[in-house]
Amino acid sequence: MGQTLTEIAETLRKANKRVQLIYAFNASGKTRLSRAFKNLIAPKSQDNDETLDEAILPREKILYYNAFTEDLFYWDNDLLSDGEPKLIIQPNTFTDWIIGEQGKGNDVIANFQHYTNKNLTPVFLEKDGPRVGEKTYPSVSFSLATGDDEATTGIKISKGEESNFIWSVFFTLIEEVVTVLSVAEPEDRSTNIFDKLEYVFIDDPVSSLDENHLIELAQTLATLIKSVPQDGPKFIITTHNPLFFNVLFNAFKTGLKYQLSQNEDGTFSLDRWNTDSPFSYHLHLIEKLKTAFENDGFEKYHYNFLRNILEKTATFMGYEDWADLLPRTADGTRDAYLKRVVDISSHSKHAEYEQSQLSKNEKRVLGYLLGETANKKYEFATRYRMIVEETPND
């Protein structure tokens, strides 16, 4: 029987574990779960509407990173004045404390450059941001060194680089929190605002990273969490990325691991991993598709499941393109029709394809591809286990 996200949040709270990892596909409720968990640990005031700042950093009990964190940052392209674009930081204690009070801007820059480009430099502009009362909050511009003692300024970075920059700010904050809480006596700490911190909830921190950087980020995050004092906050991490999940899975041997799924009736399921390897997510997903097939319950989102399996299978089996896994035509060439059906049904931007129901032909194609994909799972398993054995645990 399915649960609400609030009930699942209560399950996570009652588990009372140092680390809990959750794997879930996109659109499975990860961000909503982080909000439900925050509301459980630090409910908003009954007298006042929750502000953006409270949503991002209720520092007394819980600190969390999710899609709302990125809403704190937005671009001012200054099109009317033809000025340089700047990334504006909305007024909030989240960035004011780490960048302003603690002066950790250089740490943010170092973290950002490490995972993107050492020549791409954020520049904090304290006087050019929005002004609230007597306080002016920073904006950020970006410059790119060209190698000849000059730099191209006023660069508008990519969406992936922007996400990495925002994560760098948050990660720098976590590092500082751990440093503060590592001082045993509260009266000796540089600040006491984190003394009552109970949880850090991190929702999908990885984006646009190659596999090497992704593994490194997971290992760095695991090392940081392991350095937290025993009486420090507990961590909940959710992700849709199987490689990132795998590295954390192996790093936290005693942590609880789950798969979060959204059921067809709108409820959710949180299934425990009871194996020594996270490979079972692949088999689990195939079984869910088989169940939907047997009950004539295919809907559009099941194509997203299928495509995700194909993409991950192609990566681990060494194919350049997930479409190379699709059945071939009689002359041995790639079946363009099957690829088009999967493309349209999983990543469509056209409104006419946004209904949840599938036609008989779409169900037939999905059932056929499910059978073909299931037949490849044994080759996938062999390749996956080989990669797992090569992945460092620490």
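How many salt bridges does the structure hold? Hi everyone, let's find out together. The structure holds ten salt bridges, a salt bridge being a side-chain nitrogen of Lys or Arg within 4 Å of a carboxyl oxygen of Asp or Glu.

Some background before we go on. This is a predicted model, where local features need pLDDT of at least 70 and side-chain atom pairs count only at pLDDT 80 or more, while totals for chains, interfaces and linings use all residues. Residues are numbered from 1 along each chain as its sequence is written, and side-chain values use heavy atoms, with hydrogens and water left out.

Now the overall picture. The protein has 394 residues, and 50% of them count as buried; buried means under 20% relative accessible area, exposed over 50%, and partly exposed in between, using a 1.4 Å probe and protein chains only.

Why can such pairs form? Side chains of opposite charge can pair when their charged atoms come close.

Take Lys363 and Asp296, whose side chains meet in a salt bridge at 3.5 Å, N to O. Lys363 lies in helix H13 and Asp296 in the loop between helix H10 and helix H11, so this pair ties together parts that are 67 residues apart in sequence. Lys363 is partly exposed at 23%, whereas Asp296 counts as exposed at 55% relative accessibility.

Next, Asp324 and Arg328 form a salt bridge at 3.9 Å, N to O. Asp324 is partly exposed at 21%, and Arg328 is partly exposed at 44%. Elsewhere, salt bridges that share partners join Lys104, Asp107 and Glu176 into one network.

Notes. Helix = DSSP H or I, 4+ residues; strand = E, 2+ residues; numbered from the N terminus.
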